[in-house]
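Thank you all for coming. I would like to walk through one model this morning, going from a sheet and its neighbouring helix out to the domains and then to the chains.

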Amino acid sequence: MKPGVRRLIEDLRGARVLVIHPRDAEGEALIDQLKRIGCNVRGVWPPPPTIPHDIDTVFQLVESSEEPAFPASPNEHPLTLVAIVDYENPTILKRLLDSNAHGVVNKPIRSFGILSSLVLARSLRGYTRRLEGKVQKLEETLKARRDVDKAVKVLVGLKKIGEVEAYELIRQQATQKRLTMAEIAVSIINAQEMLGGLGVLDAPVQTRSSTPVEQ
Amino acid sequence: MTKTVPSARQADRDVWRVGVLFSRSGLMAITESEHFFGTALAIEEINRAGGVLGREIEVIAYDPGSAPETYRRMADRLLTEDGASVIFGCSTSAERKAVLPAIERRNGLLWYPSLYEGFEYSPNVMYTGACPNQNSFPLAEYIVRKYGPRVYLIGSDYIYPRESNRIMRDLVESYAGQVAGEQYVAMKAGDAELTRALDTIHMRSPDVVFSTIVGRTAQRFYRLYAEKGFDPARLPIASLTMAEGELREIGPEFCVGHLTAASYFGSLRSESNRRFKSAFAKACSADRPVSMWSAGAYAQVKLFAKALEQAGSLDTQRLVDAALGLSLDAPEGPVQIDADNNHVWLTPRIGRVRRDGEFDVVWEGKGPIKPDPYLSVSPIGGRWLTEEAATA
């Protein structure tokens, strides 16, 4: 699950970092340290409305005002966010939570701690991303299974065959047409609903399965 | 940052007051005494030549006895009671880490002359020793190509050996070598523990031993290595720290053939080194050997003096601003303080111990290379040796 520390460090060489912080001594110190670490880094202030596409990591000052909000990240473009905080009162803490940051550095900014925060944040972001991918895949699998179950019941009702046989028919169709079983299943369900609605099928079957999905 | 060093008191007197923190006793006594002599020699030379901007350098020196906690306490005393904001000191990473909070809180400036494992930058430290891309990198290629692929890693159990070995493992593997074993012994390991370690090494039969054991324990390790019948010509110990002073303690005849990667060896034949050696012989006793420890400590004081001359003040920020980019004809040759990371451009070299306790330089870089403490621009597995050098 955790990549080797060497890969994390090497990965930093390719990191493209945007520092959203006023252009003062602390902002400069942060940018300089990120350069030492080997990141490709630039600074910007005030916060831009959107993050440029080439950026993968953002260090951003958390401010007490609601505006400007955290810039939206471009679609399908997951950013690593490290928040910079100078107060720890509940207002700032709430803003920190709202930001969905993966790491935090405190003001006054020191050179120590930036590398740790960066490595941890990028690692967490990667881990979250893998989890999100897994959840999405599981959801798709679950839905596909529900559709196949439903289609099996349709075929059982229409062709008076057993469930095993119906399942095998769907599988054969999928192989022949080079589609997934879920896609075949959806076609069957749609066709059955459409034809049933037109009265073409003399014995419309109950398609709303009441059996819970096995998992 | 607040300035707590009472500079007014210092300005009343016509001196630049600095602190010196090297251990003259304890585990690190040998190497740090050499740091101390190098520092003292440079300051003496500067004062004899009239000081900096007409003012002499005044030294307050303590012996922290190789104990990190004592380093912290004494650094605090130097920075507050003694009013010295500039400190030359520390050798091990544990000592440096102990001093860091004090030096940062009081906004002082630590000049740290030792090689270390990298991955650090403090605006309050000048790192004038080598970082891994200046010693481990060429050493790894050298040992794998010259002695063989199986490298045994052994070190004292603290941060410098562990991180150095992590880097060495990556390097060795990048040259198609393999780690034949990795082991740590106590800082003050006794003969029994070291003998057990040597038995394990014998069992694993590596082609070379990379040792990051430090201090007196390292001296015992080398001695026992010889007594156990290991042949350094065939199976050498490669080190980043073993220098002339410690060889003298062990007995050079027991060490012939061992390797050290460093930017300085006493045997270098440059004009700047001849000057340094003769001054050192005159100031200390003639038979005390010079080494990377004394030469490095000497060079950093000279760099400090140059920076002070430009800054005209011991104020940390002004000193650092003046120091960045400074170059010097040091005993090892030309060196330069990097403008970005407070570390120093040094020339990597590999030395092999000979019978008189000096080193033959068996490989040398073309010139000073950029210090890369975060290994952000140094490729693992880069080529250092030419084909001739690797097969010679």
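Which helix lies across β11 and β12 of chain B, and at what angle does that helix run to β11(B)? Before I answer, please keep in mind that this is a predicted model, in which local features need pLDDT of at least 70 and side-chain atom pairs count only at pLDDT 80 or more, while totals for chains, interfaces and linings use all residues. Residues are numbered from 1 along each chain as its sequence is written, and chains are lettered from A, with ligands numbered from 1, in the order in which they are written.

The helix is α11(B), which lies across the two strands and runs at about 145° to β11(B); axes here are lines fitted to C-alpha atoms, for helices over the stretch in contact, with angles from 0 to 180 degrees between N-to-C directions. Helices (H or I, at least four residues) and strands (E, at least two) are DSSP runs, numbered from the N terminus.

The sheet itself is open, with three strands in the order β11-β12-β13 of chain B and antiparallel pairing, where strands pair if DSSP finds at least two bridges between them. β11 (327–330) and β13 of chain B are the edge strands, each with a single partner, so one side of each has no neighbour in the sheet. Between β11(B) and β12(B) there are four bridges, and B:Ser327 has B:Gln336 of β12(B) as its bridge partner.

Turning to the domains, chain B is divided into domain 1 (7–129 + 269–345) and domain 2 (133–267 + 347–391), with bounds from an automatic or database domain assignment. Their centres, taken over C-alpha atoms, are separated by 27 Å, and their contact takes 34 residues from domain 1 and 31 residues from domain 2, two residues being in contact if their C-beta atoms, placed from the backbone, lie within 7 Å. Among the elements that give two or more residues to the domain 1 side are α11 (292–311), β12 (333–337) and β13 (344–345) of chain B.

How many residues does each chain bring to the contact between A and B? Chain A gives nine residues and chain B ten residues. On the side of chain A, α1 (5–13) and α2 (25–37) each supply at least two residues, and the largest share, four residues, comes from α2(A).
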